[in-house]
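Hello,

Here is the structure for you to look over. My notes follow below it.

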Amino acid sequence: MLKIKNLHASVEDKEILKGINLEINAGEVHAIMGPNGSGKSTLASVIAGKEEYEQTEGEIIFENEEISELEADERAHKGLFLSFQYPVEIPGVSVTNFMKTAINETRKAQGLEDMPAKDMLKKIREKSELLDMDRKFLSRSLNEGFSGGEKKRNEIFQMAMLEPKLSILDETDSGLDIDALKIVSNGVNKLRTKDNAVLVITHYQRLLDYIVPDYVHVLLNGKIVKSGGKELAYKLEEQGYDWIKEEMKAL
Amino acid sequence: MELKDKLISSFFAFEEQIDVNSEVHNIRSEAMKNFEVSGFPSRKDEDWKYTSLKSILKEDYSIFPKKEDAIEYKDVKKYFIHDIDAYTIVFIDGIYSSHLSQTTHDKIDACLMSSALTKDKYKPVIEKYFNKIAPKTSLNSLNTAFSREGAFINIPKNTVADKPIQILNFSTGNESALMLQPRNLVVVGENAHVQIIERHQSLTDNAVLTNAVTEIYADKRAMVDYYKIQNDHANASLIDNTYVEQQGESNCSVHTFSFGGKLTRNNLQFFQKGEHIDSTMKGVTIIEDKQHVDHNTLVHHIEPNCESHQDYKGIYDDRSVGVFNGKVLVEKEAQKTNAFQSNNNILVSDKATINSKPQLEIFADDVACSHGCTIGQLDEDAMFYLKSRGIPAKEARALLMYAFANNVLSSVKIPELQKRVNKLIANKLNVSLGFDL
């Protein structure tokens, strides 16, 4: 589904990603872990197509198509989704209206008519129930005055509505208490199928107790330095990143 | 002939049409003298630095329209907030139109200035309030000199106006250029409430210059909400002068929606003459082409424990020009004042201009005053967020501008009006939002 080859990216001439290689297949859950400043969020933003990041080298192939030159909205139309670490507040546009615009713009790009209002409402109801969201929440301005947990739940609600092929969850666990964490992870798990995939980016192993990865990758200083199964996450939680740094030095 | 000279000579003709042996006419004559001395403001005046009247003053305006011109309701229905029950006071080329209006004298007065200025029963109100709130600027003086018609609204003590009042000023374009000077007076008694919607609308592309003065008096604990819709033709210019005097614990708001017209200048001033007063001014400006909108505001905090809130937003495209000059004056006695002011602007085109000048003059030491002004493009992070959800750049930009402007509407208390302005904003931005408003 996603193949990243030798990806280099810079922001303001400072190189952050220094040759990333990653392959994610349908039905898989991958986790990327790493300390602060290792380039985790940059990787998520570059895949999603944020313009401030300049991709200087390498390829991003999504569903057999090189997408490096595509705009963020075009990538979204192809089935990419990024759950933001810091979702942006948009006062003046309700959650419901925002979702209607996003879905209908995506349908337009795919050559489809607008979704009938009745179907839209039904879908909104179903997906908001999945995430245990209050209906009042849907008529509030997007992310405005939302708590950290509400913002993250709203991100996963959007993911549920847009039904992407690949979802990148950037620090989705930050700011969540244990109950919200369970609801959000439960939502993500229910949305999993053999045809879609999830890339979880996280600082802590905690989220991976709920969204269990098939593969764990360690990102250090702009490179994936180690990959393994879910047991790698436990080891990182217990021992930190120093042992990996030592291993690197030894090489 | 210069417009000033034409106005001075027209004043003699005006005096032949009205009763000159009245106290009101003494006020008019005084005002005319004042205008003769001061003339129209120019860019040399500090308050007019960014707005020149030169181009609109050179038209050959008719001062007195020939006759009342009947217009059909169906032709102007769209300018009414017609989906609610309201009192309406309609003027066509400055002359009252009884067939389009629905005035009242039942419990409240929503009627005509011409009656108020001439009938004995209104004499005490006129003596007490007429021309007592508006400062003696040259434009106010000019309006006072020719004051004859407009809306007169009088809400007695402890009375809540049962429905909103709409004031509509149409100009037909029968004259190739027309100058109008409506004069409104709104007196709201102790603990009384009223909501007013006002609109100036020309029906053709002929030039119109309106120099309007509205005085609003809010007694103790009164509540007044005033909404101005300014969405006029490309050759219609408006100088709106609105002054609000508030007594203790009263709550007044003025919302100004400026979406079109050649030149629009809003002089809006609040005078707080009691404690625990709340004053709110909000504005949304969305203009393009060579349109020009200037908001010149003043809140005069005179007594302690009062609040004022100002929130003006503007979106400027093409070569349009915006001005925001917001003054907050806090007197030494006005301790515990809370005054907030914000002015946020988006320049869509690199040829558009905004001149934003907040002025805070604070003589009290125990106050909380804040002001902020932003001028910019749209937030890049917000753009990326929307695009990452599949919304293309053009639509994302429109949606963000809509959200930016729409956010001011939450304080509009008439839902139908809120919806109407909502739609006007979406139309102005030419947005297909993908949802119904």
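Helix 9 (residues 393-406) of chain B lies across strand 14 (278-287), strand 16 (307-316) and strand 18 (338-347) of chain B. Helix 9 of chain B runs at about 155° to strand 16 of chain B. Helices (H or I, at least four residues) and strands (E, at least two) are DSSP runs, numbered from the N terminus. Axes are lines fitted to C-alpha atoms, for helices over the stretch in contact, and angles run from 0 to 180 degrees between N-to-C directions. Residues are in contact if their C-beta atoms, placed from the backbone, lie within 7 Å.

This is a predicted model: local features need pLDDT of at least 70, side-chain atom pairs count only at pLDDT 80 or more, and totals for chains, interfaces and linings use all residues. Residues are numbered from 1 along each chain as its sequence is written, while chains are lettered from A and ligands numbered from 1 in the order in which they are written.

Helix 10 (residues 415-428) of chain B also packs on the sheet. Its contacts are strand 8, strand 10, strand 12 (251-260) and strand 14 of chain B.

The sheet in chain B is open, with ten strands in the order 2-1-5-8-10-12-14-16-18-20 and mixed pairing. Pairing takes at least two DSSP bridges between two strands. Strand 2 (95-96) and strand 20 (368-376) of chain B are the edges. B:Ile197 faces B:Tyr227 of strand 10.

Now the interface. Chain A gives 25 residues and chain B gives 21. Helix 3 of chain A supplies the largest share of its side, eight residues.

Best wishes

How values were computed
Contact = placed C-beta atoms within 7 Å.
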